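The sequence and coordinates are shown below.

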Amino acid sequence: MCTGPAGKSRPAACRQNWLVFPANNAYIFITGPFGSGCKFHNDEDIVMIRERIIRYKGEKITVLFSVDRCTHYSACLEGAPEVFDSLKRPWVVPDAAPPDTVADVIMTCPTGALHFERRDGGPGEPAPAENTIVVETHGPLYFKGTMEVRDQDEKPLLKDTRVAFCRCGMSKIKPFCDDTHARVGFEDAEAPETHPSADSTGPLVQGKIVVTLIKNGPIKVSGPVTIKNEDGELLFKGTKALLCRCGASKRMPFCDGHHSKIRFESEIDCARIV
């Protein structure tokens, strides 16, 4: 076993993944499903979503920053510039604003790159009132809700309330968006399509959604969810949806089978620590 900051022990396989920054009271490590580190199914099978997390510890609140999931959406920089300043080091100063303010701003981060831990007994992040997916034009799928992400074998990978999933098919950190769509000029073939649902006219019974990553295929969403475009127009409301993540569908944001035609590969989904 190896030991990380604050005496936390880690599996030996994770030993090389600790990077410590004592000068700015932050440390970075790799998390697995539910933020618990490596998940061992057997000695030869380590399944997880890899994230590099930096913790910025304040007196009343700690800010957790996922390096890879940040797409520079800038909600934090605009919402609390006294706390978040990308031109300074450290770029996060948790005590520069009241903890309630810091928490409120963090919850506007649509990618889930920012989370927080209250150290003053204050409330944590509440479960969203409903599960929503916003389809950004020529960009990612912004999920917000009570969600559990699994691979196609139903192995849990992540629990979160905010995630930006890649839709162009070219992210280097699948299933997350890494802003590659902007660098390569990804464009939707057509405007997002409205997909009728038997549940579209009435209220949904709220609960968690299960997001299943189909290997070399779409994102399967099971559970009550509302899908809108970035202008707030309703595209879908129901309990089952297949969403494209290969970038080639002609029925965006829904899957139309093009992942098979273009031989889309999603092998980055479950990273192996070696």
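Predicted model: local features only at pLDDT ≥ 70, side-chain atom pairs only at ≥ 80, totals over all residues.

## Enclosed cavity

The largest cavity has a lining made up of Cys-166, Lys-174, Pro-175, Ile-219, Arg-245 and Phe-264. By class, 4 of the lining residues are nonpolar and 2 are charged, with no polar residues.

The space inside the largest cavity amounts to about 30 Å³. A search of the whole structure returns 1 cavity of 30 Å³ or more.

In soluble globular proteins, nonpolar side chains tend to be buried together. Here, the largest nonpolar core contains 23 residues, and those with the most contacts inside it are Phe-143, Phe-165, Ile-219, Ile-227 and Leu-243. Two or more residues are given to this core by each of β10, β11 (141-151), β12 (156-165), β13 (209-213), β14 (219-229) and β15 (234-243). Apart from it lies another core, of 20 residues, including Tyr-56, Cys-76, Val-92 and Val-105.

Ile-219 belongs to the largest core and also lines the largest cavity. Which residues does Leu-243 touch, not counting residues up to four places away in sequence? The contacts of Leu-243 are Ile-133, Leu-141, Phe-143, Pro-218, Ile-219, Val-221, Ile-227, Pro-253, Phe-254 and Cys-255.

## Second largest pocket

The second largest pocket holds about 340 Å³ of space. Its lining has 18 residues, and Phe-65, Cys-70, His-72, Ser-86 and Trp-91 lie nearest the centre.

Helix α1 (residues 75-79) supplies the largest share of this lining, 3 residues. In terms of class, the lining comprises 12 nonpolar, 5 polar and 1 charged residues.

Asn-131 is in the loop between β9 (114-118) and β10 (132-135). Is Asn-131 buried or exposed? Asn-131 counts as buried because its relative accessibility is 3%, and the cut-off for buried is under 20%. A polar atom of the Asn-131 side chain lies 2.6 Å from the backbone oxygen of Gly-207. Not counting residues up to four places away in sequence, Asn-131 touches Lys-144, Gly-145, Thr-146, Gln-206, Gly-207, Lys-208, Ile-209, Pro-224, Val-225 and Thr-226.

Glu-136 is found in the loop between β10 and β11. Beyond four places in sequence, Glu-136 touches Tyr-142, Arg-167, His-181, Asp-188 and Glu-230. Glu-136 and Asp-231 are separated by 95 residues in sequence, while their C-alpha atoms are 9.0 Å apart in space.

Key
Residues numbered from 1 in each chain as written. Heavy atoms only, no water. Helix = DSSP H or I, 4+ residues; strand = E, 2+ residues; numbered from the N terminus. Buried < 20%, exposed > 50% of the residue type's maximum accessible area, 1.4 Å probe, protein only. Polar contact = N/O pair within 3.5 Å; in protein donor to acceptor, adjacent residues only side chain to side chain. Contact = heavy atoms within 4.5 Å. 1 Å grid on protein atoms, 1.4 Å probe; cavity = no way out; pocket = protein on both sides within 12 Å on 5 of 7 lines; lining within 4 Å. Points joined across faces, edges and corners; volume = space filled by probe spheres on them. Nonpolar A, V, L, I, M, F, W, Y, C, P; charged D, E, K, R; others polar. Core = buried A, V, L, I, M, F, W, Y, C linked by side-chain atoms within 4.5 Å.
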